[in-house]
Amino acid sequence: MKITIIGTGYVGLVTGACFAEVGHNVICVDNDAQKVRVLQSGGIPNYEPGLEEIVQKNVDEGRLRFTESTQDGVENSDVIFIAVPTPPQQDGSVDLSFIEKVAREIATYMKSYKIVVDKSTVPVKTGEKVAETLRRYTKTNVDCDVVSNPEFLREGFAVEDFLRPERIVIGVFSQRPVKAMKEIYAPFNAPIIVTDINSAELIKHAANSFLAMKISYINAISVICESTGADVIEVANGIGMDSRIGRRFLDAGIGFGGSCFPKDLSAFIKISEEIGYDFRLLKEVRRINAEQMDRFIKKITDTIWVLKDKTIGVLGLAFKQNTDDVRMSPAIELCKRLQKTGTKLRVHDPKAMEKARAVLTNVTYVEDMNNVAEGCDALVIATEWEIFKKLDLERARKSMTHPIMFDGRNLFDPEEMEKLGWIYKSVGRK
Ligand code: UGA
(Lines give C-alpha, C1' and ligand atoms only; values in the text may rest on other atoms or scores of the structure.)
Protein backbone atom coordinates (compact mmCIF):
# COMPACT_ATOMS: atom_id res chain seq x y z
CA MET A 1 0.00 0.00 0.00
CA LYS A 2 1.09 3.59 -0.54
CA ILE A 3 0.98 5.27 2.85
CA THR A 4 1.80 8.75 4.12
CA ILE A 5 2.35 9.59 7.75
CA ILE A 6 2.02 13.25 8.71
CA GLY A 7 4.06 14.01 11.81
CA THR A 8 7.29 12.19 12.64
CA GLY A 9 7.19 12.29 16.44
CA TYR A 10 7.48 9.09 18.49
CA VAL A 11 4.27 7.62 17.12
CA GLY A 12 4.58 8.86 13.53
CA LEU A 13 8.13 7.73 12.96
CA VAL A 14 7.63 4.31 14.51
CA THR A 15 4.43 3.86 12.50
CA GLY A 16 6.12 4.87 9.24
CA ALA A 17 9.20 2.72 9.82
CA CYS A 18 7.19 -0.34 10.86
CA PHE A 19 4.77 -0.06 7.92
CA ALA A 20 7.79 0.08 5.60
CA GLU A 21 9.35 -2.85 7.44
CA VAL A 22 6.36 -5.06 6.55
CA GLY A 23 6.54 -4.02 2.90
CA HIS A 24 4.40 -0.91 2.44
CA ASN A 25 5.69 2.17 0.62
CA VAL A 26 5.83 4.99 3.11
CA ILE A 27 6.33 8.75 2.97
CA CYS A 28 6.89 10.50 6.31
CA VAL A 29 6.04 14.19 6.34
CA ASP A 30 7.15 16.71 8.94
CA ASN A 31 7.07 20.51 8.85
CA ASP A 32 10.25 20.71 10.94
CA ALA A 33 12.94 21.13 8.26
CA GLN A 34 15.76 20.35 10.68
CA LYS A 35 14.12 17.09 11.72
CA VAL A 36 13.56 16.05 8.11
CA ARG A 37 17.25 16.73 7.36
CA VAL A 38 18.33 14.59 10.33
CA LEU A 39 16.07 11.78 9.17
CA GLN A 40 17.20 12.06 5.56
CA SER A 41 20.81 11.80 6.65
CA GLY A 42 20.16 8.59 8.56
CA GLY A 43 19.76 9.95 12.09
CA ILE A 44 16.73 9.70 14.34
CA PRO A 45 15.60 12.54 16.62
CA ASN A 46 14.67 10.38 19.63
CA TYR A 47 16.24 7.34 21.23
CA GLU A 48 14.02 4.32 20.69
CA PRO A 49 15.48 0.79 20.76
CA GLY A 50 15.57 -0.81 17.31
CA LEU A 51 14.17 2.21 15.48
CA GLU A 52 17.32 3.56 13.85
CA GLU A 53 18.08 0.16 12.33
CA ILE A 54 14.69 -0.27 10.69
CA VAL A 55 14.58 3.34 9.51
CA GLN A 56 17.96 2.96 7.81
CA LYS A 57 17.16 -0.44 6.36
CA ASN A 58 13.89 0.71 4.83
CA VAL A 59 15.35 3.97 3.50
CA ASP A 60 18.16 1.94 1.86
CA GLU A 61 15.67 -0.51 0.39
CA GLY A 62 13.58 2.36 -1.01
CA ARG A 63 10.36 1.82 0.94
CA LEU A 64 10.67 4.83 3.27
CA ARG A 65 11.39 8.47 2.56
CA PHE A 66 11.06 11.81 4.34
CA THR A 67 9.77 15.13 3.11
CA GLU A 68 8.64 18.51 4.33
CA SER A 69 5.93 18.66 1.71
CA THR A 70 2.41 17.67 2.71
CA GLN A 71 1.41 18.03 -0.93
CA ASP A 72 3.99 15.38 -1.92
CA GLY A 73 2.69 13.08 0.81
CA VAL A 74 -0.99 13.52 -0.06
CA GLU A 75 -0.60 13.23 -3.83
CA ASN A 76 1.60 10.15 -3.69
CA SER A 77 -0.36 7.90 -1.35
CA ASP A 78 -3.76 6.28 -0.91
CA VAL A 79 -3.90 6.24 2.85
CA ILE A 80 -2.82 9.22 4.98
CA PHE A 81 -2.17 8.80 8.69
CA ILE A 82 -2.29 11.85 10.96
CA ALA A 83 0.22 11.52 13.82
CA VAL A 84 0.69 15.10 14.97
CA PRO A 85 0.85 16.27 18.60
CA THR A 86 -2.34 16.91 20.54
CA PRO A 87 -0.87 18.86 23.48
CA PRO A 88 -2.75 19.70 26.66
CA GLN A 89 -4.09 23.19 27.28
CA GLN A 90 -4.07 25.02 30.59
CA ASP A 91 -7.51 23.66 31.60
CA GLY A 92 -6.60 20.03 30.75
CA SER A 93 -8.49 20.02 27.43
CA VAL A 94 -6.73 18.98 24.24
CA ASP A 95 -5.32 21.44 21.71
CA LEU A 96 -6.57 20.11 18.38
CA SER A 97 -5.19 22.90 16.23
CA PHE A 98 -2.48 20.72 14.62
CA ILE A 99 -5.07 18.09 13.68
CA GLU A 100 -7.34 20.75 12.20
CA LYS A 101 -4.48 22.32 10.25
CA VAL A 102 -3.37 18.99 8.80
CA ALA A 103 -6.98 18.12 7.86
CA ARG A 104 -7.24 21.43 6.00
CA GLU A 105 -3.95 20.80 4.20
CA ILE A 106 -4.95 17.27 3.19
CA ALA A 107 -8.25 18.63 1.84
CA THR A 108 -6.39 21.23 -0.20
CA TYR A 109 -4.10 18.70 -1.92
CA MET A 110 -6.57 15.81 -2.30
CA LYS A 111 -7.17 15.10 -5.99
CA SER A 112 -8.48 11.55 -5.71
CA TYR A 113 -10.18 9.32 -3.12
CA LYS A 114 -8.12 9.05 0.10
CA ILE A 115 -8.46 7.31 3.41
CA VAL A 116 -7.52 9.72 6.19
CA VAL A 117 -6.61 7.92 9.40
CA ASP A 118 -6.22 9.60 12.75
CA LYS A 119 -3.53 8.01 14.92
CA SER A 120 -3.04 10.91 17.33
CA THR A 121 -4.79 10.61 20.68
CA VAL A 122 -7.91 12.72 20.38
CA PRO A 123 -11.15 13.31 22.29
CA VAL A 124 -14.19 11.30 21.27
CA LYS A 125 -16.02 12.92 18.33
CA THR A 126 -12.84 14.40 16.80
CA GLY A 127 -13.26 12.12 13.75
CA GLU A 128 -16.57 13.81 13.01
CA LYS A 129 -14.84 17.19 13.02
CA VAL A 130 -12.00 15.94 10.81
CA ALA A 131 -14.52 14.59 8.28
CA GLU A 132 -16.39 17.91 8.31
CA THR A 133 -13.15 19.85 7.82
CA LEU A 134 -12.07 17.66 4.90
CA ARG A 135 -15.44 18.18 3.22
CA ARG A 136 -15.35 21.91 3.83
CA TYR A 137 -11.87 22.61 2.49
CA THR A 138 -11.65 20.24 -0.46
CA LYS A 139 -11.47 22.14 -3.73
CA THR A 140 -12.14 19.26 -6.06
CA ASN A 141 -15.10 17.70 -4.26
CA VAL A 142 -13.31 14.32 -4.22
CA ASP A 143 -14.51 11.75 -1.76
CA CYS A 144 -12.61 10.47 1.28
CA ASP A 145 -13.11 8.31 4.34
CA VAL A 146 -12.04 9.16 7.86
CA VAL A 147 -10.83 6.38 10.15
CA SER A 148 -9.74 6.34 13.79
CA ASN A 149 -6.84 4.00 14.49
CA PRO A 150 -5.50 4.70 17.99
CA GLU A 151 -1.98 3.64 18.89
CA PHE A 152 -1.07 1.64 22.00
CA LEU A 153 2.71 1.55 21.77
CA ARG A 154 4.89 2.25 24.76
CA GLU A 155 7.96 4.44 24.43
CA GLY A 156 11.06 2.35 24.84
CA PHE A 157 9.25 -0.70 23.45
CA ALA A 158 7.59 1.10 20.56
CA VAL A 159 9.00 -0.95 17.68
CA GLU A 160 8.29 -4.21 19.44
CA ASP A 161 4.76 -3.09 20.37
CA PHE A 162 4.07 -1.91 16.83
CA LEU A 163 5.32 -5.05 15.12
CA ARG A 164 3.61 -7.39 17.60
CA PRO A 165 0.41 -5.59 18.69
CA GLU A 166 -2.13 -7.23 20.98
CA ARG A 167 -4.95 -5.65 19.01
CA ILE A 168 -5.61 -3.20 16.20
CA VAL A 169 -8.56 -0.84 16.63
CA ILE A 170 -10.19 0.53 13.52
CA GLY A 171 -13.03 3.01 13.93
CA VAL A 172 -15.09 3.83 10.84
CA PHE A 173 -18.18 5.72 9.69
CA SER A 174 -18.87 3.18 6.94
CA GLN A 175 -17.52 -0.16 5.72
CA ARG A 176 -15.80 1.36 2.67
CA PRO A 177 -12.28 1.87 4.13
CA VAL A 178 -12.27 -1.40 6.14
CA LYS A 179 -10.79 -3.61 3.40
CA ALA A 180 -7.80 -1.30 2.84
CA MET A 181 -7.21 -0.88 6.58
CA LYS A 182 -7.26 -4.65 7.08
CA GLU A 183 -4.81 -5.03 4.21
CA ILE A 184 -2.42 -2.53 5.80
CA TYR A 185 -2.47 -4.45 9.07
CA ALA A 186 -2.60 -8.00 7.62
CA PRO A 187 1.20 -8.55 8.00
CA PHE A 188 0.99 -7.94 11.74
CA ASN A 189 -1.17 -10.99 12.43
CA ALA A 190 -3.08 -9.31 15.25
CA PRO A 191 -6.77 -9.37 16.14
CA ILE A 192 -8.53 -6.46 14.45
CA ILE A 193 -11.48 -4.74 16.09
CA VAL A 194 -13.64 -2.83 13.62
CA THR A 195 -15.98 -0.47 15.39
CA ASP A 196 -17.63 2.93 15.08
CA ILE A 197 -15.35 5.94 15.15
CA ASN A 198 -16.50 7.34 18.51
CA SER A 199 -15.90 4.01 20.25
CA ALA A 200 -12.42 3.76 18.72
CA GLU A 201 -11.50 7.20 20.00
CA LEU A 202 -12.87 6.35 23.44
CA ILE A 203 -10.94 3.06 23.57
CA LYS A 204 -7.67 5.02 23.62
CA HIS A 205 -8.56 7.35 26.51
CA ALA A 206 -10.30 4.54 28.40
CA ALA A 207 -7.25 2.25 28.05
CA ASN A 208 -4.67 4.81 29.18
CA SER A 209 -6.84 5.95 32.09
CA PHE A 210 -7.36 2.35 33.17
CA LEU A 211 -3.61 1.69 33.15
CA ALA A 212 -3.00 4.89 35.13
CA MET A 213 -5.69 3.71 37.55
CA LYS A 214 -3.85 0.40 38.02
CA ILE A 215 -0.67 2.27 38.93
CA SER A 216 -2.47 4.58 41.37
CA TYR A 217 -4.25 1.57 42.86
CA ILE A 218 -1.00 -0.22 43.64
CA ASN A 219 0.53 3.03 44.88
CA ALA A 220 -2.40 3.41 47.29
CA ILE A 221 -1.85 -0.19 48.37
CA SER A 222 1.82 0.68 48.95
CA VAL A 223 0.73 3.21 51.59
CA ILE A 224 -1.24 0.52 53.41
CA CYS A 225 1.73 -1.85 53.11
CA GLU A 226 4.10 0.67 54.66
CA SER A 227 1.94 1.18 57.70
CA THR A 228 1.20 -2.52 58.22
CA GLY A 229 4.57 -4.07 57.49
CA ALA A 230 3.29 -5.84 54.38
CA ASP A 231 5.24 -5.90 51.10
CA VAL A 232 3.66 -4.30 48.03
CA ILE A 233 5.56 -6.56 45.64
CA GLU A 234 4.14 -9.64 47.35
CA VAL A 235 0.66 -8.12 47.17
CA ALA A 236 1.09 -7.22 43.49
CA ASN A 237 2.29 -10.75 42.72
CA GLY A 238 -0.59 -12.23 44.66
CA ILE A 239 -3.33 -10.21 43.03
CA GLY A 240 -1.61 -10.15 39.63
CA MET A 241 -1.84 -13.94 39.28
CA ASP A 242 -5.58 -13.55 38.92
CA SER A 243 -5.87 -13.27 35.15
CA ARG A 244 -8.79 -10.88 35.61
CA ILE A 245 -6.33 -8.46 37.22
CA GLY A 246 -2.93 -9.25 35.66
CA ARG A 247 0.50 -8.45 37.10
CA ARG A 248 1.56 -5.75 34.64
CA PHE A 249 1.29 -2.07 35.59
CA LEU A 250 1.22 -2.99 39.25
CA ASP A 251 4.69 -1.69 40.10
CA ALA A 252 4.51 0.81 42.92
CA GLY A 253 6.91 3.74 42.80
CA ILE A 254 7.05 7.49 42.66
CA GLY A 255 4.13 7.64 40.26
CA PHE A 256 3.50 7.72 36.55
CA GLY A 257 4.63 10.44 34.17
CA GLY A 258 5.44 10.88 30.51
CA SER A 259 3.70 12.59 27.67
CA CYS A 260 0.66 10.28 27.71
CA PHE A 261 -0.84 9.26 31.05
CA PRO A 262 -0.94 12.66 32.82
CA LYS A 263 -2.18 14.38 29.67
CA ASP A 264 -4.72 11.72 28.68
CA LEU A 265 -6.07 11.46 32.21
CA SER A 266 -6.69 15.21 32.40
CA ALA A 267 -8.18 15.21 28.91
CA PHE A 268 -10.55 12.36 29.76
CA ILE A 269 -11.64 14.12 32.95
CA LYS A 270 -12.28 17.27 30.91
CA ILE A 271 -14.10 15.44 28.10
CA SER A 272 -16.35 13.78 30.69
CA GLU A 273 -16.99 17.12 32.38
CA GLU A 274 -18.02 18.65 29.06
CA ILE A 275 -20.65 15.97 28.53
CA GLY A 276 -21.91 16.41 32.09
CA TYR A 277 -20.17 13.55 33.88
CA ASP A 278 -17.93 14.19 36.87
CA PHE A 279 -15.32 11.40 36.53
CA ARG A 280 -14.29 11.48 40.20
CA LEU A 281 -12.60 8.08 39.99
CA LEU A 282 -10.03 9.51 37.56
CA LYS A 283 -9.59 12.67 39.61
CA GLU A 284 -8.64 10.42 42.51
CA VAL A 285 -6.17 8.53 40.27
CA ARG A 286 -4.49 11.85 39.54
CA ARG A 287 -4.50 12.89 43.20
CA ILE A 288 -2.96 9.59 44.37
CA ASN A 289 -0.24 10.02 41.76
CA ALA A 290 0.65 13.49 43.03
CA GLU A 291 0.57 12.34 46.66
CA GLN A 292 2.90 9.46 45.93
CA MET A 293 5.63 11.94 45.03
CA ASP A 294 4.90 14.07 48.12
CA ARG A 295 5.17 11.00 50.31
CA PHE A 296 8.49 9.98 48.77
CA ILE A 297 9.96 13.41 49.34
CA LYS A 298 8.70 13.34 52.93
CA LYS A 299 10.47 9.99 53.35
CA ILE A 300 13.71 11.66 52.29
CA THR A 301 13.27 14.68 54.56
CA ASP A 302 12.15 12.54 57.52
CA THR A 303 15.36 10.53 57.23
CA ILE A 304 17.90 13.21 56.32
CA TRP A 305 16.17 16.00 58.32
CA VAL A 306 17.79 19.20 56.96
CA LEU A 307 18.32 18.93 53.22
CA LYS A 308 19.95 22.31 52.68
CA ASP A 309 23.57 21.91 51.52
CA LYS A 310 23.33 18.10 51.51
CA THR A 311 24.33 16.28 48.34
CA ILE A 312 22.00 13.70 46.86
CA GLY A 313 22.82 11.42 43.95
CA VAL A 314 19.90 10.73 41.61
CA LEU A 315 19.88 7.73 39.29
CA GLY A 316 17.36 8.18 36.51
CA LEU A 317 15.97 11.25 34.75
CA ALA A 318 13.81 9.76 31.99
CA PHE A 319 10.11 9.28 32.80
CA LYS A 320 10.71 5.53 32.59
CA GLN A 321 13.36 3.11 31.41
CA ASN A 322 14.46 2.58 27.79
CA THR A 323 13.77 6.11 26.65
CA ASP A 324 15.50 9.50 26.56
CA ASP A 325 12.16 11.25 27.07
CA VAL A 326 11.99 13.56 30.08
CA ARG A 327 8.58 15.09 29.39
CA MET A 328 6.52 15.11 32.62
CA SER A 329 9.17 12.88 34.15
CA PRO A 330 8.62 12.13 37.85
CA ALA A 331 12.42 11.95 38.15
CA ILE A 332 12.84 15.52 36.93
CA GLU A 333 10.04 16.73 39.19
CA LEU A 334 11.73 15.03 42.12
CA CYS A 335 15.06 16.71 41.28
CA LYS A 336 13.44 20.13 41.03
CA ARG A 337 11.66 19.72 44.33
CA LEU A 338 14.86 18.62 46.03
CA GLN A 339 16.65 21.63 44.53
CA LYS A 340 14.06 23.92 46.11
CA THR A 341 15.19 22.71 49.53
CA GLY A 342 18.77 23.74 48.77
CA THR A 343 20.00 20.21 48.09
CA LYS A 344 22.91 19.78 45.69
CA LEU A 345 22.34 17.10 43.09
CA ARG A 346 24.60 14.68 41.21
CA VAL A 347 22.51 13.05 38.50
CA HIS A 348 22.81 10.34 35.88
CA ASP A 349 20.64 8.69 33.26
CA PRO A 350 21.79 6.11 30.69
CA LYS A 351 20.04 7.92 27.81
CA ALA A 352 18.25 11.06 28.94
CA MET A 353 21.08 13.35 30.09
CA GLU A 354 21.13 15.40 26.93
CA LYS A 355 17.41 16.10 27.01
CA ALA A 356 17.51 16.65 30.78
CA ARG A 357 20.13 19.41 30.42
CA ALA A 358 17.49 21.58 28.75
CA VAL A 359 15.09 21.37 31.69
CA LEU A 360 17.30 20.68 34.71
CA THR A 361 20.13 23.08 35.44
CA ASN A 362 22.52 23.68 38.37
CA VAL A 363 23.12 19.99 38.92
CA THR A 364 26.24 17.91 38.28
CA TYR A 365 25.72 15.54 35.37
CA VAL A 366 27.76 12.39 35.97
CA GLU A 367 28.65 10.22 32.96
CA ASP A 368 29.25 6.94 34.80
CA MET A 369 26.46 5.65 37.06
CA ASN A 370 29.08 4.20 39.38
CA ASN A 371 30.48 7.66 40.13
CA VAL A 372 27.17 9.30 41.09
CA ALA A 373 27.29 8.34 44.79
CA GLU A 374 30.69 9.97 45.40
CA GLY A 375 30.49 12.29 48.42
CA CYS A 376 26.67 11.98 48.60
CA ASP A 377 24.55 12.01 51.74
CA ALA A 378 21.98 9.81 50.00
CA LEU A 379 21.30 8.07 46.73
CA VAL A 380 17.88 8.10 45.04
CA ILE A 381 16.60 5.74 42.34
CA ALA A 382 14.07 7.69 40.30
CA THR A 383 13.68 5.66 37.08
CA GLU A 384 13.28 1.91 36.70
CA TRP A 385 16.28 1.33 34.38
CA GLU A 386 17.30 -2.36 34.54
CA ILE A 387 20.96 -1.38 34.37
CA PHE A 388 20.75 0.30 37.78
CA LYS A 389 20.42 -3.19 39.26
CA LYS A 390 24.04 -3.67 38.19
CA LEU A 391 25.24 -0.65 40.18
CA ASP A 392 28.50 -1.34 42.05
CA LEU A 393 26.83 -1.15 45.46
CA GLU A 394 30.00 -1.68 47.45
CA ARG A 395 31.87 1.07 45.65
CA ALA A 396 28.88 3.41 45.95
CA ARG A 397 28.46 2.74 49.67
CA LYS A 398 32.14 3.36 50.43
CA SER A 399 32.23 6.62 48.48
CA MET A 400 29.25 8.15 50.28
CA THR A 401 29.10 10.29 53.40
CA HIS A 402 26.17 8.13 54.51
CA PRO A 403 25.07 4.94 52.76
CA ILE A 404 21.39 5.80 52.50
CA MET A 405 19.35 4.77 49.48
CA PHE A 406 15.81 5.91 48.65
CA ASP A 407 14.66 3.49 46.00
CA GLY A 408 11.66 5.06 44.26
CA ARG A 409 11.33 2.11 41.88
CA ASN A 410 11.86 -0.88 44.19
CA LEU A 411 14.82 -2.21 42.22
CA PHE A 412 16.68 -3.79 45.13
CA ASP A 413 15.89 -6.31 47.83
CA PRO A 414 15.53 -4.64 51.26
CA GLU A 415 17.10 -7.55 53.20
CA GLU A 416 20.05 -7.79 50.83
CA MET A 417 20.63 -4.06 51.02
CA GLU A 418 20.65 -4.12 54.81
CA LYS A 419 23.11 -6.99 54.79
CA LEU A 420 25.34 -4.93 52.51
CA GLY A 421 25.34 -2.11 55.06
CA TRP A 422 22.81 0.25 53.50
CA ILE A 423 20.04 2.20 55.13
CA TYR A 424 17.53 1.28 52.46
CA LYS A 425 14.08 2.82 52.00
CA SER A 426 11.82 1.85 49.15
CA VAL A 427 8.12 2.13 48.32
CA GLY A 428 5.53 -0.03 50.07
CA ARG A 429 8.03 -2.31 51.76
CA LYS A 430 9.57 -2.48 55.22
C1 UGA B 1 1.55 4.65 27.61
C2 UGA B 1 0.76 3.36 27.38
O3 UGA B 1 1.35 2.30 28.14
C4 UGA B 1 0.76 2.97 25.89
O5 UGA B 1 -0.05 1.83 25.70
C6 UGA B 1 0.19 4.16 25.09
O7 UGA B 1 0.20 3.88 23.71
C8 UGA B 1 1.04 5.39 25.37
O9 UGA B 1 1.02 5.68 26.77
C10 UGA B 1 0.46 6.54 24.58
O11 UGA B 1 -0.66 6.95 24.87
O12 UGA B 1 1.09 6.96 23.60
P13 UGA B 1 4.15 5.28 27.80
O14 UGA B 1 3.67 6.65 28.20
O15 UGA B 1 5.18 5.17 26.74
O16 UGA B 1 2.91 4.40 27.26
O17 UGA B 1 4.72 4.59 29.08
P18 UGA B 1 4.28 3.44 30.10
O19 UGA B 1 5.16 2.27 29.93
O20 UGA B 1 2.83 3.20 30.05
O21 UGA B 1 4.66 4.15 31.49
C22 UGA B 1 4.02 5.35 31.91
C23 UGA B 1 4.46 5.75 33.29
O24 UGA B 1 3.94 4.86 34.26
C25 UGA B 1 5.97 5.77 33.51
O26 UGA B 1 6.32 6.93 34.24
C27 UGA B 1 6.23 4.52 34.33
O28 UGA B 1 7.37 4.63 35.15
C29 UGA B 1 4.96 4.43 35.15
N30 UGA B 1 4.63 3.07 35.60
C31 UGA B 1 4.33 2.10 34.71
C32 UGA B 1 4.60 2.79 36.96
O33 UGA B 1 4.86 3.67 37.82
N34 UGA B 1 4.27 1.53 37.36
C35 UGA B 1 3.95 0.54 36.49
O36 UGA B 1 3.64 -0.59 36.94
C37 UGA B 1 4.00 0.83 35.12
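The dialogue below goes through sheets, helix packing and an aromatic pair in turn.

A: Keep in mind from the start that this is a predicted model. We can begin with a sheet and the order of its strands.

Q: In what order do the eight strands of the open sheet lie, and what is the sense of their pairing?
A: The order is β3-β2-β1-β4-β5-β6-β7-β8, and the pairing is mixed. At the edges are β3 (64-67) and β8 (192-196), each of which pairs on one side only. From one strand to the next, the twist averages 25°.

Q: How do β2 and β3 pair, and over how many bridges?
A: Strand β2, residues 25-29, pairs with β3 in the parallel sense, over four bridges. As an example of residues facing each other there, isoleucine 27 stands opposite arginine 65 in β3.

Q: Which helix packs on this sheet, and which strands does that helix touch?
A: Helix α9, residues 197-228, packs on the sheet and touches β6 (144-148), β7 (168-172) and β8. The direction of α9 makes about 120° with that of β8.

Q: Which strands form the open sheet of six, and what is the pairing there?
A: The strand order is β11-β10-β9-β12-β13-β14, with parallel pairing. The edges are held by β11 (364-365) and β14 (423-425); each has a single partner strand, so one side of each is left without a neighbour in the sheet.

Q: How many bridges join β9 to β10?
A: Strand β9 (residues 311-315) and strand β10 (residues 344-348) run parallel and are joined by five bridges. Take glycine 313: its bridge partner in β10 is arginine 346.

Q: Which strands does α12 touch as it packs on that sheet, and which does α13 lie across?
A: α12 touches β9, β12 (378-381), β13 (404-407) and β14, and its direction makes about 170° with that of β13. α13 lies across β9, β10 and β12, and runs at about 160° to β10.

Q: What describes two packed helices?
A: Two values do: the angle between the axes and the distance between the axes. Here, helix α12 (residues 280-304) and helix α13 (residues 330-340) pack at an angle of about 45°, with their axes 11 Å apart. Because of that angle, α12 is oblique to α13. The crossing of these helices is right-handed.

Q: Which residues make the contact of α12 with α13?
A: From α12 come Met293, Asp294, Phe296, Ile297 and Ile300, and from α13 come Pro330, Glu333, Leu334, Arg337 and Leu338. By class, these are seven nonpolar, no polar and three charged residues.

Q: At what angle do α9 and α11 pack, and how far apart are their axes?
A: For α9 and helix α11 (residues 261-274), the angle is about 115° and the axes are 9 Å apart. The crossing of α9 and α11 is left-handed. Residues of α9 in the contact include Leu202, His205 and Ile215, which meet residues of α11, among them Phe261, Leu265 and Phe268. The contact divides into ten nonpolar, three polar and two charged residues.

Q: At what angle do the axes of α9 and α12 cross?
A: They cross at roughly 45° and come within 9 Å. That angle is why α9 counts as oblique to α12. The crossing of α9 and α12 is left-handed. Among the residues in contact are Ala212, Met213 and Val223 of α9, with Leu281, Val285 and Ile288 of α12. The classes in this contact are eight nonpolar, six polar and three charged.

Q: How many aromatic pairs does the structure hold?
A: There are ten aromatic pairs. One of them joins phenylalanine 19 and tyrosine 185, whose ring centres are 5.5 Å apart and whose planes stand at 70°, so the pair is edge-to-face. Phenylalanine 19 lies in helix α1 (residues 10-21) and tyrosine 185 in helix α8 (residues 178-185), so the pair ties together parts that are 166 residues apart in sequence.

Note on methods: Residues numbered from 1 in each chain as written. Predicted model: local features only at pLDDT ≥ 70, side-chain atom pairs only at ≥ 80, totals over all residues. Heavy atoms only, no water. Pairing = 2+ DSSP bridges. Helix = DSSP H or I, 4+ residues; strand = E, 2+ residues; numbered from the N terminus. Axes fitted to C-alpha atoms, helices over the stretch in contact; angles between N-to-C directions. Contact = heavy atoms within 4.5 Å. Parallel < 35°, antiparallel > 145°, perpendicular 65-115°, else oblique. Left-handed = near helix turned anticlockwise from the far one by under 90°. Nonpolar A, V, L, I, M, F, W, Y, C, P; charged D, E, K, R; others polar. Phe/Tyr/Trp six-rings, centres within 6.5 Å; stacked < 30°, edge-to-face > 60°.
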